[in-house]
Amino acid sequence: MLNYLWAGMIVIGILFGAFNGKMPEITNAALDSSKEAVTLCITMMGVMSFWVGLMEIATKAGIIKAASRKIQPIVRILFPDIPRGHKANEHITTNMIANFLGLGWAATPAGLMAMKSLQEINPNRDKTIASRDMCTFLILNISSLQLIPINIIAYRSQYGSVNPAGIVGAGIVATTISTAVGVVFAMMMGRGRRV
């Protein structure tokens, strides 16, 4: 569906430019945007490599495992239907820690593994209906409480912001509110419904 939407916008833009005599501007914009996209990708690859490397070092040093133990009581409250010691707990905590550090790309593999593990214990897996824990995890993952919004800082730096990290305070407030609202919503929707 998104492919059709983007293709439609591109075609409409080109046709609009052709009928209004703006084809040179469209051509220049396409070339400039392509160059900017490559530059942004290289910048983000460097940032991503740095933070994913730090995450790997933290994992090998046992920091992630220690942090996972610390947030396990929160995970037990948020996901009461997951059996103790189930591998979904580890994937969920890894995802939460990566998101907290603003490492969305590092959180994605753990998030996919968490969903796969949650599907294994889903009582409705043959009906392809998401369980309450799967819905709660998805809400938490989307709201993504972040201490350091790495992506936004990198984008702001790329586009010449005087203070790229100036967004940190607002990011913490916004993601705290979105996560709190998401958790409250998930708890309210899951009350009295153990599926």
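**Pockets and helix packing**

By class, the largest pocket is lined by seven nonpolar, eight polar and four charged residues (Ala, Val, Leu, Ile, Met, Phe, Trp, Tyr, Cys and Pro count as nonpolar, Asp, Glu, Lys and Arg as charged, the others, Gly among them, as polar). This is a predicted model: local features need pLDDT of at least 70, side-chain atom pairs count only at pLDDT 80 or more, and totals for chains, interfaces and linings use all residues. Residues are numbered from 1 along each chain as its sequence is written, and side-chain values use heavy atoms, with hydrogens and water left out.

Visitor: How much space lies in the largest pocket?
Guide: A pocket is an open set of points on a 1 Å grid over the protein atoms alone, where a 1.4 Å probe fits, with protein on both sides within 12 Å along at least five of seven lines. Its volume is the space filled by probe spheres set on the points. For the largest pocket that is about 500 Å³.

Visitor: Which residues that line the largest pocket are the closest to its centre?
Guide: Lining residues have an atom within 4 Å of a point. The largest pocket has 19 of them. The closest to its centre are T59, I64, S68, E90 and T94.

Visitor: How are α3 and α4 oriented to each other?
Guide: Helices are DSSP runs (H or I, at least four residues), numbered from the N terminus. The axes of α3 (residues 63–78) and α4 (residues 87–100), lines fitted to C-alpha atoms over the stretch in contact, come within 9 Å and cross at roughly 105°. Angles of 65 to 115 degrees count as roughly perpendicular. Therefore α3 and α4 are roughly perpendicular.

Visitor: How does α4 run relative to α5?
Guide: The axes of α4 and α5 (residues 104–120) come within 8 Å and cross at roughly 155°. Angles over 145 degrees count as roughly antiparallel. So α4 is roughly antiparallel to α5.

Visitor: Which element gives the largest share of the lining of the second largest pocket?
Guide: About 290 Å³ of space lies in the second largest pocket. Among the residues closest to its centre are I71, M96 and I97. The largest share of the lining, five residues, comes from α4.

Notes:
Axes fitted to C-alpha atoms, helices over the stretch in contact; angles between N-to-C directions. Helix = DSSP H or I, 4+ residues; strand = E, 2+ residues; numbered from the N terminus. Parallel < 35°, antiparallel > 145°, perpendicular 65-115°, else oblique.
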